[in-house]
Amino acid sequence: MTAPGTRAGTPAAADTDDDLDVEEALALVREPREPRQDATPAPTPRDAHGGHPAHRHRATPWPQARETAARAARFAVRSGARRAPVSVPLAGALGLTLAAPLDALTDLPSFDTSAMDGWAVAGPGPWDVREDGVLAGHAQPDPLTDGEAVRIATGARIPVDTTAVLRSEHGRLDAQGRLHPTREVVHGQDIRPRGQECRSGDQLLPVGTLVTPAVLGLAAAAGYDTVTAVPRPRAEVLILGDELLTEGLPHDGLIRDALGPMLPPWLRALGAEVTAVRRLGDDAKALHRAITASTADLVVTTGGTASGPVDHIHPTLERIGAELLVDGVKVRPGHPMLLARTKENQHLVGLPGNPLAAVSGLLTLAEPLLRTLAAHPAPEPYTLPLAEATHGHPYDTRLIPVVLRGDAAVPLHYNGPAMLRGIAAADALAVVPPGGARQGEETELLDLPWAAAGIEVCFT
């Protein structure tokens with residue numbers, strides 16, 4: 001699918017790349033490559049009034065908008081606009097993607113260990129029990145002789161010449177203190193031999209693996225203090241609007257800013273590193289300065305994407321020569337959203353000012369772009385039947401907050417563009433096609449990061 005692009009005041013560059021999978025993306029991160037040469041630019045069509053295409057007449061279908069956002073990130077990686085892999089301490093690596101294989105630095109386990117609390121025994125029973133015991137974390141114990149046993153803890157080093165570990169519940173001591181088995185003892189039982197899980201140099205996990213809590217545990221066990229990973233994309237948030245309050249009750253035509261508190265943690269949940277949050281009001285010059293000075297991979301703006309008297313996004317993007325990749329999306333709420341390439345290594349997602357419309361823009365444009373920059377695989381799409389019929393827009397996709405109850409998605413009320421009450425209680429957004437959906441109809445769902453209990457829940 002080709003991403004439509006119109007550079008304000010200049011022809012659009014054709015983008016005909018095929019899809020890039022995670023392995024290719026990681027290879028590009030690791031290995032420098034010559035900058036990509038675009039195809040010959042095509043002339044930009046003009047609208048009926050002789051100007052550039054009017055964004056309100058060129059809205060992109062919702063599925064195509066999401067693919068365009070992912071494609072824009074792939075193009076940025078291909079063209080050399082990328083950041084080198086980073087060495088990250090384990091405590092900060094959750095949610096990143098491995099940019100180098102995780103190879104074992106030692107045998108696991110690195111010595112023969114006891115898998116159970118009990119006795120290490122040598123030869124057939126009954127056994128004489130030594131007075132001392134063997135605990136985890138201690139030096140190599142003295143060897144056992146045939147017919148001898150010693151108390152041992154889980155994880156402790158096995159004495160030389162041990163033939164098996166007898167579990168505590170499978171042995172009894174007689175009046176003379178000799179140990180007898182209560183069931184058959186098999187040679188080597190409950191002993192974890194050195195290298196049972198891996199040998200030094202074995203590949204434990206390949207490039208492209210998402211770092212989960214279990215991956216962190218494996219890395220630590222294998223001797224790692226840091227991992228080499230694809231860095232988090234950097235995002236900067238610009239809050240626009242003179243009518244926004246940061247505290248207290250709404251009054252005198254002023255309203256509380258809901259997006260300032262909501263967007264930074266949401267972007268972090270999508271895997272971004274939020275480098276700044278700036279409040280600019282309705283100031284075109286301040287907006288221009290903020291965008292041109294930003295070094296973030298993604299600039300996110302709120303409001304100002306329509307054509308009102310203080311909607312400065314489009315004029316500013318035209319002034320800086322940005323390339324509009326998506327200028328309006330056929331989705332409700334959120335249709336005035338946009339995506340622009342502001343620099344070779346930077347994109348801007350313009351979100352509508354209404355809160356739920358802004359959420360729609362985040363999941364439509366920011367999520368695919370950030371996911372691709374971070375080399376995360378796309379989530380597998382899934383559907384559930386709707387618990388009740390849902391009205392749709394005649395021509396556009398509609399995103400409806402839902403809760404998941406059993407094997408069905410239950411639509412929530414309070415789902416207007418300016419409302420957050422529905423999404424605050426939601427598990428997901430249902431993707432309702434134009435015309436609506438019947439009760440019981442299978443409908444695609446977009447999980448919210450925290451409701452999905454996924455690795456993206458990294459709010460801090």
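The model is predicted, so local features need pLDDT of at least 70 and side-chain atom pairs count only at pLDDT 80 or more, while totals for chains, interfaces and linings use all residues. Residues are numbered from 1 along each chain as its sequence is written, and side-chain values use heavy atoms, with hydrogens and water left out.

Me: How many helices and strands does the protein have?
Reply: Helices (H or I, at least four residues) and strands (E, at least two) are DSSP runs, numbered from the N terminus. Counted in this way, the secondary structure comes to eight helices and 29 strands.

Me: In what order do the strands of the open sheet of three strands lie?
Reply: Two strands count as paired if DSSP finds at least two bridges between them. The edge strands, each pairing on one side only, are β3 (86-89) and β4 (97-98), and β3 pairs with β15 (residues 226-230) in the antiparallel sense over four bridges. The order is therefore β3-β15-β4.

Me: Is Arg157 buried, partly exposed or exposed?
Reply: Arg157 is placed in the loop between β9 (148-152) and β10 (164-167). Buried means under 20% relative accessible area and exposed over 50%, with partly exposed in between, using a 1.4 Å probe and protein chains only. Because its relative accessible area is 25%, Arg157 is partly exposed.

Me: With which side chain does the side chain of Arg157 make a polar contact?
Reply: Contact means heavy atoms within 4.5 Å, and, not counting residues up to four places away in sequence, Arg157 touches residues including Phe111, Asp112, His138 and Gln140. A polar contact is a pair of N or O atoms within 3.5 Å; within protein, one must be able to donate a hydrogen and the other to accept it, and residues adjacent in sequence count only if both atoms are side-chain atoms. At 2.9 Å, the partner of the Arg157 side chain is that of Gln140.
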